[in-house]
Amino acid sequence: MTARITIIGAGPGGLLCARVLQRHDIEVTVYDADAAVDARDAGGSLDLHADTGQIAMSDAGLLDEFLALSRPESQAGSRLDHHGTVLNAFVPADDDLAAPEIDRGQLRALLASSVEPGTVHWGHKLVRAVPLGGGRHRLEFPDGPATETDLVIGADGAWSRVRPLVTDATARYTGVSFLDVRFDDVDTRHTGVAALTGAGQMFANDGDGHGIILQRNSNGLIRGYLVVRGGRIAVHDPEAVKRFLLDEFAHWGDVFRPALTDWDAVVERPIHVLPAPLTWPHTAGVTLLGDAAHVMAPFGGFGANLALLDGAELAHAIADEPTLDAAITRYEKGMLARAGELAVGANLALQEFVTSARPNDAPDHAAEHRKYEAAAAEYRRAR
């Protein structure tokens, strides 16, 4: 197939798609608003599931590189009530590779280094995509000339500039915000937070709109997500934020106090989701992947995993099908059904987390890992 293919967004999904296309000897160009791959904080750690993200990394020929960077021990997790009582805990077996963790920045850098030099045009933020007819689009950027393409792939996240070409759906605020807090050099400077987090993750909630999630990252870093409901929170005054948190979490146990007050940096992350399940009519010359197609609540860790698998499946469809229209149709049929079901569940899980403190609601991580492994085997058999 000879066609000009353009990906908007050099996140994990967009880069994975470009990598697999190039392994099929298909030319592709990627544009991203960031000035460089490491121009901004990519966010916290994520786990790549055996049945989605790891399949995509294998398709990209990068599974060994991922496993070398990943932290299988960080699959460990605990669930506490808001008094600090441990409700359940999970420690992975030594050979458990169902969902090892990797820093988002490390994953993005790995994928960016895997595509051919010159593939990604950094510092190019899409202003608009203009339909030209016949599936072609003109892509316009603030600086530099516009470009025309036979297929534009929107991998540009929750606020996608490509999405309006296929649907008028927009991401809505859930009423839940995460205060993303960072603890540096934790084993020396933040020993209480380090002990509370353990080797992997810690979840605690009170069933009344508050939660604390702590997550190990690499290089002595822990990210915390302080979950609150209600209005947006101004984070420009850290001391005011700490006072707000002490008031909001006043009924929580003292063991959590360092997580509320001792952090080194804070960023507000209001949680937005698209309607789920979301579908759209086939549109010639355009499709979406990752958060542009199905941004959902972070519970379950499906976002990055789906973005990676989306990228791999779209690239394979483009390589296999005789036309771009046929490739888009094949890809979207599977992607929309899979993402729709998982998005409904993830969005429901977020609401349950902030409204229920029942210990029976905690996930069974061992069962989840068995499910990932079984689903991975079934996926490969179906191929």
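**Exercise 1.** Determine in which order the strands of the open sheet are arranged, and which strands lie at its edges.

*Solution.* Begin with the pairing, for which two strands must share at least two bridges found by DSSP; strands here are DSSP runs (E, at least two residues), and helices are runs of H or I with at least four residues, both numbered from the N terminus. In this predicted model, where local features need pLDDT of at least 70, side-chain atom pairs count only at pLDDT 80 or more, and totals for chains, interfaces and linings use all residues, the order is S7-S2-S1-S11-S17, with parallel pairing. Residues are numbered from 1 along each chain as its sequence is written, and side-chain values use heavy atoms, without hydrogens and water. Next, look for strands that pair on one side only: these are S7 (120–122) and S17 (286–288).

**Exercise 2.** Describe how strand S1 pairs with strand S11, and what packs on the sheet.

*Solution.* S1 (residues 5–8) and S11 (residues 151–154) are joined in the parallel sense over 4 bridges, and Ile-5 stands opposite Leu-151 in S11. Helix H1 (residues 12–23) then packs on the sheet, touching S1, S2 (29–32), S7 and S11, where contact means heavy atoms within 4.5 Å. The direction of H1 makes about 160° with that of S1, the axes being lines fitted to C-alpha atoms, for helices over the stretch in contact, with angles from 0 to 180 degrees between N-to-C directions.

**Exercise 3.** State how many helices and strands the protein has, and what share of its residues is buried.

*Solution.* The count gives 12 helices and 17 strands. Of the 383 residues, 54% are buried, that is, under 20% relative accessible area (1.4 Å probe, protein chains only).

Note on methods
Buried < 20%, exposed > 50% of the residue type's maximum accessible area, 1.4 Å probe, protein only.
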